[in-house]
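Hi everyone, thanks for coming. Have a look at the picture first.

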Amino acid sequence: VATAQDKAVATVNGKSIFEQDLKLADAEIGSDLGNLPEATRRRVLIEYVIENQLMAEAAEGQKLATGADFDTRMSYFRRRALRETYFEKSIKTGVSEAEARTFYDAQIAQMKPEEEVKASHILVESEDRAKELAGQIAKGDEKTFAELAKANSKDPGTKDDGGTLGFFGRGQMVPQFEEAAFKLKKGEVSQPFETQFGWHIVKVDERRTQQAPAFDVVKERIRAAIIHQKAQQIATDLRSKAQIEYVDPEI
């Protein structure tokens, strides 16, 4: 009975290229294709396999499929194919979604809820200028915090967005900045304070408790990590049972 992998997707000089060929090509070069749309990715893979076939036929025409150099390549690629098949059958397929879920649940159980704040800041060079701006904010100046940041902040990465830093947790900012920000309630503005970057005024826009990512969002990353760990362990076990001798004096 024909399977989906037996389906021909193209022919080159009468020779069929199958779905399985695209799968193998994807394993070979897929990581170089980034996040291409599926249709574009598939077309790139088909063209890659077609060019492989054309060059293989050209090599056959020049009788390059014989000789010591070709035999060496064939020996190398046979070992590589065996390695990849072993990895696929004995390592990768052995890591199930259920195992990834167990790992995820264990990690979630150990996590402690962490608070994050969403803040904006104004950075200036002197204490006097910081106090002047803080006074305007305290008096309810007609200019908003964002407008004052755009007009006065020396932080090139945030001034055009009104000083917005987005959400951050503890350990992501310098200590003085973190201490000032996490003391504030939503909507409050700090007194001027100094860091190695200059003088700051911080406004907290929101506070929230950091939520753990959903399992479906991270399951493939978890599976990849477990597969990598399992592969390392198997490689270590295989090496411990093998007789390996380095005969090159420079290695």
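Let's begin with Gln53, which is buried, at 17% relative accessible area. Buried here means under 20% relative accessible area, exposed means over 50%, and partly exposed is in between, with a 1.4 Å probe and protein chains only. Gln53 sits in helix H2. Helices are DSSP runs of H or I with at least four residues, strands are runs of E with at least two, and both are numbered from the N terminus. Beyond its neighbours within four places in sequence, Gln53 is in contact with Val12 and Lys15, where contact means heavy atoms within 4.5 Å.

A quick word on what you are looking at. This is a predicted model, in which local features need pLDDT of at least 70 and side-chain atom pairs count only at pLDDT 80 or more, while totals for chains, interfaces and linings use all residues. Residues are numbered from 1 along each chain as its sequence is written, and side-chain values use heavy atoms, with hydrogens and water left out.

Now for the pockets. Rolling a probe the size of a water molecule over the atoms shows where empty space is left. In this case a pocket is an open set of points on a 1 Å grid over the protein atoms alone, where a 1.4 Å probe fits, with protein on both sides within 12 Å along at least five of seven lines; lining residues have an atom within 4 Å of a point.

Which residues lie nearest the centre of the largest pocket? They are Leu24, Ala25, Ala27, Glu28 and Glu84, out of 25 lining residues. The space in this pocket is about 1300 Å³, a volume filled by probe spheres set on grid points that are joined across faces, edges and corners. Strand S2 (15-18) and helices H1 (19-29), H2 (38-61) and H3 each give at least two residues to the lining, and H3 has the largest share, with nine. By class, the lining has 10 nonpolar, five polar and 10 charged residues. For that tally, Ala, Val, Leu, Ile, Met, Phe, Trp, Tyr, Cys and Pro are nonpolar, Asp, Glu, Lys and Arg are charged, and the others, Gly among them, are polar.

The second largest pocket holds about 300 Å³. Its lining includes Ala56, Phe70, Arg73 and Phe77, and by class it has seven nonpolar, no polar and two charged residues. H3 gives the most here too, with four residues.

H3 also meets helix H8: the buried residues of H8 pack against H3 (68-91) and H4 (97-110). H8 covers residues 215-241, and its buried residues include Phe215, Val218, Ile222 and Ile226.

On to the strands. S3 (115-124) and S6 (198-209) pair in the antiparallel sense over 10 bridges; strands pair if DSSP finds at least two bridges between them. Within that pair, Ile122 has Ile201 as its bridge partner. S5 (193-195) runs antiparallel to S6, joined by three bridges, and a hairpin of two residues links S5 to S6. S3, S5 and S6, along with S4 (164-168), are among the elements covering the buried residues of helix H7, which include Phe177 and Phe182.

Definitions and conventions
The expected span of a helix is 1.5 Å times one less than its number of residues.
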